[in-house]
Amino acid sequence: MSGLGELYQQLIIDHNRSPRNFGPLDGANRVAAGDNPLCGDKIKLYLKVANDVIEEIRFEGSGCAISQASASLMTAAVQGKSPADALSLFTAFHGMVTSAPDAAGNARALGKLAAFAGVRAFPARVKCANLAWHTLRAALQNQPQAVSTE
Ligand code: ZN
């Protein structure tokens with residue numbers, strides 16, 4: 001299990017202990033729920049999208065540190081962005097956690113989200129890291145049914 005120390009970087013620990021944008025959102029016009037039954041992670045996202053901008057985004061959830069820290073960092077990363085830019089970030093993040101290290105040249109553009117690059121070595125954890133992002137995509141594409149990583 002070497003490498004777990006790298007996986008649980010300080011940033012991930014911090015965002016799990018003190019999640020940003022946590023709680024329900026009054027006036028949300030996009031809501032989606034995500035479920036990772038493999039690990040027991042659950043995420044519910046609330047977005048207020050207006051004038052082609054994600055004006056506010058909050059989440060509720062429970063599960064492992066990776067899933068909750070990823071949701072916290074995701075909300076911080078996409079708030080104030082257009083839905084199209086948020087979906088581009090989804091693609092970049094998904095590529096980073098599923099590609100070989102040398103294929104992840106776009107990791108620098110991801111800023112703090114690059115903290116999750118280490119999960120690519122742990123296939124089961126990739127679903128934990130991606131859960132919030134899959135849920136975000138469902139919310140932006142108005143898919144009301146719950147998304148599941150299975
Ligand atoms: Zn998990």
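Of the 150 residues in the protein, 43% are buried, where buried stands for under 20% relative accessible area, exposed for over 50% and partly exposed for values in between (1.4 Å probe, protein chains only). The model is predicted, so local features need pLDDT of at least 70 and side-chain atom pairs count only at pLDDT 80 or more, while totals for chains, interfaces and linings use all residues. Residues are numbered from 1 along each chain as its sequence is written, and side-chain values use heavy atoms, with hydrogens and water left out.

The protein contains five helices and four strands, taken as DSSP runs (helices: H or I, at least four residues; strands: E, at least two) numbered from the N terminus. Along the sequence, their order is α-α-β-β-β-α-α-α-β. Among contacts with a separation of 6 or more, 61% join residues 24 or more positions apart; contact here means heavy atoms within 4.5 Å.

Asp41, in strand β2 (residues 41-50), and Cys128, in helix α5 (residues 123-140), link distant parts of the chain, 87 residues apart. Cys128 is buried at a relative accessible area of 1%, and Cys64 is also buried, at 13%. The structure has zero disulfides, a disulfide being a pair of cysteine sulfur atoms within 2.5 Å.

Helix α5 also packs against another helix. The axes of α3 (residues 65-78) and α5 come within 8 Å and cross at roughly 35°; axes are lines fitted to C-alpha atoms, for helices over the stretch in contact, with angles running from 0 to 180 degrees between N-to-C directions. On the α3 side, Ile66, Ser67, Ser70, Ala71, Met74 and Val78 meet Arg125, Cys128, Ala129, Ala132, Trp133 and Leu136 of α5.

Asn36, in strand β1 (residues 30-36), is buried at 0% relative accessibility. Beyond neighbours within four places in sequence, Asn36 contacts Asp41, Lys127, Cys128, Leu131, Thr149 and Glu150. The C-alpha atoms of Asn36 and Leu131 are separated by 6.8 Å, although these residues are 95 apart along the chain.
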